[in-house]
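Dear colleague,

Please find below the sequence and structure that I am handing over to you. My findings follow directly after it.

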Amino acid sequence: MANANQREIIKQGSTQWNAWREKNPTAKIDFSGADLRGTYLHKINLHEATLRNANFEGVKLSSADLSHADLRGAKLNHADLSWSDFSEAVLIRAQLKGANLGQAKLPHARLQEADLSDAILVGADLSAADLTKAKLVNSSLVEADLSWANLTNVDLSGTDLTQAKLKHVNLNGSSFSSRTAWPQNFDPFKHGAHKAARFQKSANHGDFSITFDREVSPDQVKRTLTALGDFFRACGGIGFEIDTELQVLVVEEPTHV
Amino acid sequence: MSDRKGLLTRLVARVKALLPSDWRGKAGQRFRRTTSEISKFADEHNLHGRELADEPLHLGE
């Protein structure tokens, strides 16, 4: 934990903090669990700082040096992190909902299970970053660099990846929706991504529909529907009536050939 | 967003209870509660459709 003196200085803002840090270059910085909401930390030097579970929600942390920092579990929802340097930072399970990470540098950052839903990552450098099991729902990664990044089991529903660099990206087990936008000529299926079946119901009328994407085999469809029918009967119902329809849709995404 | 267009093939299964009273009664409530819990579990554990479809299903037992 940070001592009271360090807390007092950081709450005065980045100018005072950076001046103090310049005089104390070997001081160990640890703000684990600290509540730093309401502070102004533009251009702050938090290189190699320990910031586990610290709360920076809504804070202006733009153009900051957070390289090699430990931000495990930190709360950064709706923070302004644009142009900041997170090179090789640890952001495992960090909360970054709606955060602005435009033009941020995150090469080799560890973002496993981080929540980046609705985040702005336009032009961000995420090369070789590890985003395993991260949430990127509705986030904007336009022109972001995801070369060599690990996006295993990532939720990419509604994610905008227009003009993103995806050279050697790993999308194994990741799912996406028809609203996900890919760069031109990029085939997510070839990189391991898939579309999950969608389940829609109209609760009051005794009916619902299940949409199976083309990766689901006829046998898997049959087994799923049979199991649902068996389960409904086990619940006390008589059974289901099932109609199937094969749909061919024109969708706004690259053609997969 | 990308303005490229492509063709997507998918199968839609429309499922309806044979008796609407089943759906509104205890059978429907139990069915909906359990399928909601399964969906929640799948979301929390990041399980995807393909993984679930590959698992043996014995919900009725």
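In chain A, 8% of the contacts with a separation of 6 or more are between residues 24 or more positions apart. Please bear in mind that this is a predicted model.

As to secondary structure, chain A contains 3 helices and 5 strands, and their order along the sequence is α-α-β-β-β-β-α-β.

Of the 257 residues in chain A, 47% are buried. In soluble globular proteins, nonpolar side chains tend to be buried together. The largest nonpolar core here comprises 63 residues, and A:Leu71 and A:Leu91 have the most contacts inside it. Beyond its neighbours within four places in sequence, A:Leu91 contacts A:Leu71, A:Phe86, A:Ala109, A:Arg110, A:Leu111 and A:Ala114. There is also a second, separate core, made up of 14 residues. Among its members are A:Phe208, A:Ile210 and A:Phe212, together with B:Ala17 from chain B.

One further residue deserves a remark. A:Asp243 belongs to strand E5 of chain A, which covers residues 240–251. Is A:Asp243 buried or exposed? It is classed as exposed because 11 other C-beta atoms lie within 10 Å, and the cut-off for an exposed residue is 12 or fewer. The C-alpha atom of A:Asp243 is separated by 9.3 Å from that of A:Ser209, the two residues being 34 apart along the chain.

With kind regards

Notes: Residues are numbered from 1 along each chain as its sequence is written. Chains are lettered from A and ligands numbered from 1 in the order in which they are written. This is a predicted model: local features need pLDDT of at least 70, side-chain atom pairs count only at pLDDT 80 or more; totals for chains, interfaces and linings use all residues. Helices (H or I, at least four residues) and strands (E, at least two) are DSSP runs, numbered from the N terminus. A residue is buried if 20 or more other C-beta atoms lie within 10 Å of its own, exposed if 12 or fewer, and partly exposed in between; C-beta atoms are placed from the backbone. Two residues are in contact if their C-beta atoms, placed from the backbone, lie within 7 Å. A nonpolar core is a set of buried Ala, Val, Leu, Ile, Met, Phe, Trp, Tyr and Cys residues joined through C-beta atoms within 7 Å.
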